[in-house]
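Let's take a walk through a protein model together. Have the picture open while you read, and look up each part as it comes along.

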Amino acid sequence: MKDNPTPIRRQYLKIKQQYPDAILFFRLGDFYETFDEDARITSHELEIVLTSRSMGKDYKVPMAGIPYHAVDDYLAKLIRRGYKVAICEQMEDPKLVKGLVKRDVVRIITPGTVIEGSMLDDAVNNYLCAICKLENETGLCFADVSTSQFYLTAIKDNSQDEIINQLSTYQPREIIVNTGALDFAAVAKYTKVRLNAELQLLNDEKFEFKAATDLIVETLSREEIDKLSLGNSKSVVGALGAVIDYLCTVQKKERLEAPSEIDFFDSGEYMKLDMSARRNLELTQSMMTGNKKHSLLWVIDKTKTAPGKRMIRAWLERPLMSVSQISKRQNSVGELADNPELRDNIRRGLTGVSDIERLLARIAYSTANAKELKSLEATILKLPEIKAQLSGCSAAMLRDIYSSIDLLSDVSQLIGAAIVDEPPFSLREGGMIRQGYNAEIDELRSVMEDGADIIASIEAKQKEKTGIPKLKIGYNRVFGYYIEVTNSYKDMVPETYIRKQTLTNCERYITQELKDLEGKILGAKDRVIALEYEVFCAVRDTIAAEASRIQKTAKALAVLDVLASLAEVAVNNNYTCPQLNTNGVIDIKEGRHAVVEALLDDSLFVPNDTLLDMGENRCSIITGPNMAGKSTYMRQIA
């Protein structure tokens, strides 16, 4: 270390030592500063100027800074490129502290734990994955923190192919593993090449059964634990416990909010589609463009909401194997397809519904602002209209949705009573709590408003008392309130005025009366801003306590959105509802390839029949020249 580093340098190094694998955003006034190698990385990746700062005698260090009000855009770029960022805030008001301001890391942002909407794709889940390999079994946990959804499964015999299939389904942005999982060479190669992620080794203690069990019991209710039957799989317990511990660490929380959805699924519940099948069938992205356009998802996704977009993608990536479950979906789609007025009303009602799932996560992690609460209120106010449309439905899933939609009137009433119609984006500037909600805030605002009248009254009295017609009272942040007198009248200034500043054309003075008033008015302003923030946090915490009700409603809306979208596509594209069987027969009349048909402008798709069974028609040989449609025919059946 260089000789005699400054106190702030010593503070920085002490904090950075705790987060060696993260870029440290160190709050200094209105900027987040990065230093040393962090500064070089930040400067290069964000294309901002690399400068330097003196940190002691003959001691300069590289520095790159980002304005605090623009931090989200810069963070998004770093996170997309796989970096971790530790956010170090000033824990005290610099105006109230003599000497060094206390600082600490309040949160670590990683690719798999992002909850900010600006850093996420609305239509895609953002998963963190944990892999826990034991002797004869590997546990996987996929957690989307932004929607509080957790999915668990166990891979028997430690099959790397099956692990890779699950990774290709969920496409996690970040993967944490125990020491045993480092043996999976094929998995490591897949995550690096295909997912552009690395296997991040955590201490095996994080996956240990007893410690993981304690964390799970602390996080989940007994009912949830019993339903999951986690005791049957130590590897899954280890993976889930490691995820909970990791999220507590990066969120700087002692306890994790319970997931809104946690599902321990058997890999047999969903159709097994390997990486090659997914790619060649172009389920969610085109092989040519690499994006959604020209994929099957592109054809069938006409959803109106962000949760609906994520859910229809999930249904397509994880096809059900249960005929009864598939039939439930079909019956609901059929009822909506047969009732155009009902379908149109539902889709119109869903238009403009906000992303409640991700909004709720930000509320739970205390990062949501007042505008986001108003967005939640606006969506809740649409619920009665949506629910009323479902009152006469007969399909089982539609009836379940009707029962699951909670009108949440108490939540919307709280937000409406507490938050103004057009709140500011910042939580630290005041102006967000509605008049009449909090008596102390109203009283402080009255002092501030009366202060303006009092200032005007003092100005009028001083003009009359001194005979100076152009005397005026002003304010700046350096001197506070002052009396300004032009040079032509300064001979008329009373002895009680105290000169504070001399300008080219005038003199500025203060009086004891003004200083007393200033203390009262400015004290009220600081207090009302602080109190508004306290009141807002209390409102937000009250809403967070209703998370299970809100999340249940959010999921119901997402399912409704997907069913209505599928019905809309079925009607518009003249699709036929298939009759499913389990006797090994595929009998299709006039089948069409959904994507190819959608790409045809003026010509019609030529339909084809298909008959395959377990007997004489077990195999078909397809011949023809290049570009005759052989691959199209095979894909449309698949």
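The protein chain has 23 helices and 18 strands; these are DSSP runs numbered from the N terminus, with helices (H or I) at least four residues long and strands (E) at least two. This is a predicted model, where local features need pLDDT of at least 70, side-chain atom pairs count only at pLDDT 80 or more, and totals for chains, interfaces and linings use all residues. Residues are numbered from 1 along each chain as its sequence is written, and side-chain values use heavy atoms, with hydrogens and water left out.

Taken along the principal axes, the C-alpha atoms of the protein chain fill a box of roughly 115 × 65 × 55 Å. Of its 638 residues, 48% count as buried. Buried means under 20% relative accessible area, exposed means over 50%, and partly exposed is in between (1.4 Å probe, protein chains only). Now take the contacts (heavy atoms within 4.5 Å) between residues at least 6 apart in sequence: 64% of them join residues at least 24 apart.

**Two helices that cross**

Two packed helices are described by the angle between their axes and the distance between the axes. Helix 12 (residues 323-338) and helix 21 (residues 547-572) pack at about 60 degrees, and their axes are 8 Å apart. The axes are lines fitted to C-alpha atoms over the stretch in contact, and angles run from 0 to 180 degrees between N-to-C directions. Helix 12 and helix 21 are therefore oblique to each other, the label for whatever is left after roughly parallel (under 35 degrees), roughly antiparallel (over 145) and roughly perpendicular (65 to 115).

Who does the touching? On helix 12 it's R329, S332, V333, L336 and A337, and on helix 21 it's L563, A564, L566, A567 and V571. These contact residues divide into eight nonpolar, one polar and one charged. Here Ala, Val, Leu, Ile, Met, Phe, Trp, Tyr, Cys and Pro count as nonpolar, Asp, Glu, Lys and Arg as charged, and the others, Gly among them, as polar.

**Helices with buried residues**

Nine of the 11 residues of helix 4 (residues 160-170) are buried, so this helix is largely enclosed by the rest of the structure. Among them are E162, N165 and Y170.

Helix 19 (residues 439-466) has 28 residues, which should span 40 Å at 1.5 Å a residue, and its end C-alpha atoms are 40 Å apart, which agrees. The expected span is 1.5 Å times one less than the number of residues. Its buried residues include I441, R445 and G451. What covers the buried residues of helix 19 includes strand 13 (472-476), strand 14 (480-486) and helix 20 (512-544).

A370 lies in helix 15 (residues 370-380) and touches I419, P423, L427, M432 and F536, not counting residues up to four places away in sequence. A370 and I433 are 63 residues apart in sequence, yet 9.0 Å apart in space, C-alpha to C-alpha.

**Positive phi angles**

Most residues other than glycine have a negative phi. Here are two non-glycine residues with a positive one:

| Residue | Phi | Relative accessibility |
|---|---|---|
| E282 | about 50 degrees | 18%, buried |
| M627 | about 65 degrees | 83%, exposed |

E282 lies in the loop between helix 9 (275-281) and helix 10 (296-300), while M627 is in the loop between strand 18 (608-612) and helix 23 (630-637).
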